[in-house]
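Thanks for coming. I have one structure to go through today, so please look at it on the screen first.

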Amino acid sequence: MVRPYMLTGGRTRAKYPLELETMVSVKEGVPFDGTCDRIEHRAIVDACPTPRSVAEIAVRLGMPLGVARVLVSDAADAGHVTVHRTMSGTDGAEAHLLLMERVLSGLRRL
């Protein structure tokens with residue numbers, strides 16, 4: 001058992017703005033054969049055979065969300081994964097509103 005602060009080197013902040021829903025995917029050309037330089041990066045690559053959210057990665061790795069954010073950020077810096085931009089604030093506010101209306105409509109039909 002390794003303490004979470006040991007995995008992150010005591011860091012608590014990611015270099016990327018990683019929200020719960022931020023999608024992460026393995027960069028093309030990164031092999032799934034264990035050639036990553038850190039075991040944590042290998043675990044993140046293995047957890048993302050298809051694009052996954054940061055929350056899903058944290059659950060799959062069985063670690064706190066804050067630790068997963070830092071490790072995903074490190075894996076992105078190492079070139080193993082791609083962090084996809086998450087819309088926030090007023091970016092695409094109309095698209096967000098339409099999506100929320102569709103979700104609400106679907107929930108009402110349930």
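I will go from the overall fold to one helix pair, a salt bridge and a surface patch.

This is a predicted model, so local features need pLDDT of at least 70 and side-chain atom pairs count only at pLDDT 80 or more, while totals for chains, interfaces and linings use all residues. Residues are numbered from 1 along each chain as its sequence is written, and side-chain values use heavy atoms, with hydrogens and water left out.

The fold first. The protein has 5 helices and 3 strands, in the order α-β-α-β-α-α-β-α along the sequence. Helices here are DSSP runs of H or I with at least four residues, strands are runs of E with at least two, and both are numbered from the N terminus. Of the contacts with a separation of 6 or more, 70% join residues 24 or more positions apart; contact means heavy atoms within 4.5 Å.

On burial, 30% of the 110 residues count as buried. Buried is under 20% relative accessible area, exposed is over 50%, and partly exposed is in between, with a 1.4 Å probe and protein chains only. The protein exposes about 7,400 Å², and carbon and sulfur atoms supply 58% of that. Areas come from the Shrake-Rupley method with a 1.4 Å probe, and for residues only the protein chains shown count as cover.

Now the helix pair. Helix α2, residues 39-47, packs against helix α3, residues 54-61, at about 115 degrees, with the axes 10 Å apart. Axes are lines fitted to C-alpha atoms over the stretch in contact, and angles run from 0 to 180 degrees between N-to-C directions. From α2, Ala 43, Ile 44 and Ala 47 meet Ile 57, Arg 60 and Leu 61 of α3.

Which residue forms a salt bridge with Arg 42? Asp 46 does, with the closest N and O atoms 3.2 Å apart. The criterion is a side-chain nitrogen of Lys or Arg within 4 Å of a carboxyl oxygen of Asp or Glu. A search of the whole structure finds 1 such bridge. Both residues lie in helix α2, 4 residues apart, about one turn. Arg 42 is buried at 11% relative accessible area, whereas Asp 46 is partly exposed at 42%.

Last, the surface. Leu 99, Val 103, Leu 107 and Leu 110 form a nonpolar patch with about 430 Å² of accessible area together. Patch residues have over 30% relative accessible area and no salt bridge; nonpolar side chains (Val, Leu, Ile, Met, Phe, Trp, Tyr) are joined within 5 Å, like charges within 9 Å. Val 103 lies in helix α5, residues 93-109, and is partly exposed at 41%.
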